Amino acid sequence: MADRRETDSQEGNIWTTVYSDMVTNLMLFFLMLYGLTRMSADMRADITKGLEKKFRGATSAEFRAEKVVKKFTEEETATKVSELVQNEKLEYTSVEVTEKQIKIILNSPVLFNPGSAELPAATKIAMKDVARIIKPVPNTIIIEGHTDNRPITRGQYATNWELSVARAYSVIEFFSVVFGIPESRFVAAGYGEFKSVASNETEEGRARNRRIEIVMVR
């Protein structure tokens with residue numbers, strides 16, 4: 001008799017758990033439906049389109065075509081940037097192309113005056129060709145600011161970290177205001193002196209460390 005009561009109790013606990021899960025899932029489902037009714041027609045259309053692409057999977061011809069076009073555009077962009085650097089139109093500039101990113105590195109002295117985040121006229125001229133190449137590509141672009149390790153003694157910025165962030169944003173503002181590239185495509189990152197690529201013991205090394213990196217994520 002005692003065993004039977006114990007078995008009945010266990011079955012009751014299982015039923016209660018199943019019932020609670022079912023009620024919770026129903027509540028979440030109706031909350032989701034309510035949320036959809038509060039969205040605009042455009043937002044609902046975007047969600048529907050996204051779900052269609054998700055459930056049709058990688059076999060969709062449309063999805064494969066988009067990937068091919070994206071890959072082709074990225075390769076074309078990498079070629080244009082490499083040719084630009086090789087033709088020496090961008091002095092003090094180098095490019096690195098990998099499977100994950102296309103990185104354009106702009107080194108001093110073409111960039112900024114000491115302690116300043118304002119782009120000099122010569123720098124703007126040098127960056128025009130870069131802007132024209134990256135504008136048609138929809139990929140996210142990370143603008144990284146880097147400095148050497150010398151303490152700041154003048155200007156409005158207290159640390160190299162602040163200065164590097166301000167310089168990264170100056171580049172974004174230039175691309176956005178002058179060339180109409182949406183700011184939403186950019187991410188600003190400042191590393192100060194903490195991501196050096198050369199020794200800070202020499203002037204040559206410090207010049208290499210003072211740089212802007214334009215990273216196109218693939």
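Colleague: In which sense do E3 and E4 pair, and over how many bridges?
Modeller: In this predicted model, strands E3 and E4 are paired in the parallel sense, and five bridges join them.

Colleague: Which residue of E4 is the bridge partner of Ile 143?
Modeller: The partner of Ile 143 is Ala 188 in E4.

Colleague: What holds paired strands together in general?
Modeller: Strands of a sheet pair through backbone hydrogen bonds, in either a parallel or an antiparallel manner.

Colleague: What is the strand order of the sheet?
Modeller: The order is E1-E2-E5-E3-E4, in an open sheet of five strands with mixed pairing.

Colleague: Why is one side of E1 and of E4 left without a neighbour in the sheet?
Modeller: Strand E1 (93-97) and strand E4 (186-190) stand at the edges and each has a single partner strand, so one side of each has no neighbour in the sheet. On average, neighbouring strands of this sheet are turned by 15° against each other, with direction ignored.

Colleague: Which strands does H5 lie across?
Modeller: Helix H5 lies across E3, E4 and E5, and runs at about 155° to E4.

Colleague: How many lining residues fall in each class?
Modeller: Seven are nonpolar, nine are polar and six are charged.

Notes: Residues are numbered from 1 along each chain as its sequence is written. This is a predicted model: local features need pLDDT of at least 70, side-chain atom pairs count only at pLDDT 80 or more; totals for chains, interfaces and linings use all residues. Side-chain values use heavy atoms; hydrogens and water are left out. Ala, Val, Leu, Ile, Met, Phe, Trp, Tyr, Cys and Pro count as nonpolar, Asp, Glu, Lys and Arg as charged, and the others, Gly among them, as polar. Two strands pair if DSSP finds at least two bridges between them. Helices (H or I, at least four residues) and strands (E, at least two) are DSSP runs, numbered from the N terminus. Axes are lines fitted to C-alpha atoms, for helices over the stretch in contact, and angles run from 0 to 180 degrees between N-to-C directions. Contact means heavy atoms within 4.5 Å.
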